Amino acid sequence: MTPCRALLPLFAILMFPGTGGLRAQTRLGVAFYDTDHLYDTVPALFYNDEKYTPDGELHWTAARYDRKIAAIASVIDSLGMPLVGLAGVENEQVVRDLAARCTAPYCYLHRTLNTLDGLDLALLYYGDLFVPGRIETGWGYLLVEGELAGRPVAIVLSRQSRFVPGLLEELRERQPGVPLLAMGRTETVAPARFGLRDALRRAERVGRGNVRSRSGWRMRDRILIDTALQVAGGDVYARRRLFDERTGSPLPTYRRTRYVGGAGYALPVFAYLE
C-alpha cells in the first residue's frame, strides 16, 4: 500500500545529515537503510519468525520492538531525506509504525516480496516531491516508477542483486529517456553499462563503508545514480550513537542471541542530487 500522512506545504529545502542547519535549496537527497531484521512480535503464518517473538529464542518483546522503531526513526529524521529506501522490514505494519514515529510527514510504499525470511523492501517519501506510479516486485527487488520533483524517474531497491542487471536493461529498453536510481545490494551491476555512476565510490576510496567485518569496512549497500542527473555528493551516515564504543563497529540489535539494543549492524548511506 502507499498511504500518506498529512503533508507539509511544497518545499525542497533539505538539511545535511547531522548539521541541524539549512544548507541548500536546490538539492534532493536519497538514502538507503538496512534496518537489520525489523520484525514485529506477532508470529507469521507463511514463514518462520519464531525467534522474533516474546517466547522465542531472542525474546523479542514489544518494548524491544518499540525501542528499535524509535532508534531507526531518529536516524531517518536526522538524515532529512525526501526518499529513503528500506530493507529488512517484515511487513506493512512495521513500515507504518516506523513512518508514524518519524517527525517528517513521510508517505510509505510497501510490497511483500514472499522471501523465505519474510523480510521486505519499502520506500519512505515526501508526497509533495515524489509521486509513485507503476510498481513491480521480483526476487529481492522493488521497482517504483514515478515523478520526482516533476521529473519522471525509476527507482530500484534491492536486497539481492541477482536479477537487478536484467531489470535495469529492461528499463533502459522500455523507457530510454527516464533517469534511473538503484539503491541497496548492487554488486552484480556494472554501473557504466547502464549509464549509472556510484555515488559512494569516493567515500569508499578513502576507506569508508557501511558494514564492518574482521577484514574491515565494506560498502555493501550502494546508491547508483543516472549520469543524466548531477550528483552533489554521497557518503555513509555515521554518528556516535550508532556505534559500539568498545569495538568501533555499528551496534547491532543482537550479538548472536544476546540483546544489546543497537539500531543495527549496517549504517545508512545517502547521496544528494543537484
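## A pocket to start with

The second largest pocket of this predicted model has a volume of about 240 Å³. Here a pocket is an open set of points on a 1 Å grid over the protein atoms alone, with protein on both sides within 12 Å along at least five of seven lines. Its volume is the space filled by probe spheres set on the points. Residues are numbered from 1 along each chain as its sequence is written, and side-chain values use heavy atoms, leaving out hydrogens and water. Because the model is predicted, local features need pLDDT of at least 70 and side-chain atom pairs count only at pLDDT 80 or more, while totals for chains, interfaces and linings use all residues.

Which residues line the second largest pocket? They are Arg197, Asp198, Ala199, Arg201, Arg202, Ala203, Arg205, Arg208, Val231, Gly233, Gly234 and Asp235; a lining residue has an atom within 4 Å of a point. The lining divides into three nonpolar, two polar and seven charged residues. In this scheme Asp, Glu, Lys and Arg count as charged, Ala, Val, Leu, Ile, Met, Phe, Trp, Tyr, Cys and Pro as nonpolar, and the others, Gly among them, as polar. At least two lining residues come from each of β11 (196-198), α4 (201-205) and β15 (231-236). These names refer to DSSP runs numbered from the N terminus: helices are H or I runs of at least four residues, and strands are E runs of at least two.

Now look at strand β3, residues 28-38, where ten of the eleven residues are buried. Buried means under 20% relative accessible area, exposed means over 50%, and partly exposed lies in between, using a 1.4 Å probe and protein chains only.

Strand β3 runs antiparallel to strand β18 (residues 269-273), and five bridges join them. Two strands count as paired if DSSP finds at least two bridges between them. Here Leu28 stands opposite Leu273 in β18. With strand β4 (residues 83-89), β3 pairs in the parallel sense over six bridges, and Phe32 stands opposite Gly85 in β4. To get from β3 to β4 the chain passes through helix α1 (residues 62-79), making a right-handed β-α-β crossover. Right-handed means that, with the strands pointing away from the viewer, the path from the first strand over the helix to the second runs clockwise.

In the loop between β3 and α1 you will find Thr53, which is buried at a relative accessible area of 7%. A polar atom of the Thr53 side chain lies 2.6 Å from the backbone oxygen of Glu50.

## Around strand β6

Strand β6 (120-126) is mostly covered, with seven of its seven residues buried. In a regular strand the side chains alternate between the two faces of the sheet. In β6, Asp120, Ala122, Leu124 and Tyr126 point one way, while Leu121, Leu123 and Tyr125 point the other way.

Strand β6 pairs with β4 in the antiparallel sense over six bridges, and Leu83 stands opposite Tyr125. Strand β6 also pairs with β5, again antiparallel and over six bridges. Tyr125 is the bridge partner of Cys107, and His110 stands opposite Ala122. Five of the six residues of β5 are buried, so β5 is largely enclosed by the rest of the structure.

## Loops worth a look

Where does Asn114 sit? Asn114 is in the loop between β5 (106-111) and β6. It has a positive phi of about 55° although it is not a glycine, and it is exposed, with a relative accessible area of 67%. Ala149 also has a positive phi, of about 50°, and is not a glycine. Its loop lies between β8 (141-148) and β9 (151-158), and Ala149 is partly exposed at 49% relative accessible area.

Gly127 belongs to the loop between β6 and β7 (130-138) and counts as buried at 19% relative accessibility. Gly127 and Leu148 are 21 residues apart in sequence, with their C-alpha atoms 9.7 Å apart in space.

## Two arginines

Arg222 lies in strand β14 (residues 222-226) and is buried at 14% relative accessibility. Its side chain makes a polar contact of 2.7 Å with the side chain of Glu204. A polar contact is a pair of N or O atoms within 3.5 Å; within protein, one must be able to donate a hydrogen and the other to accept it, and residues adjacent in sequence count only if both atoms are side-chain atoms.

Arg255, in strand β16 (residues 254-255), is partly exposed, with a relative accessible area of 26%. The C-alpha atoms of Arg255 and Gly177 are separated by 46 Å, and these residues are 78 apart along the chain.

Conventions:
1 Å grid on protein atoms, 1.4 Å probe; cavity = no way out; pocket = protein on both sides within 12 Å on 5 of 7 lines; lining within 4 Å.
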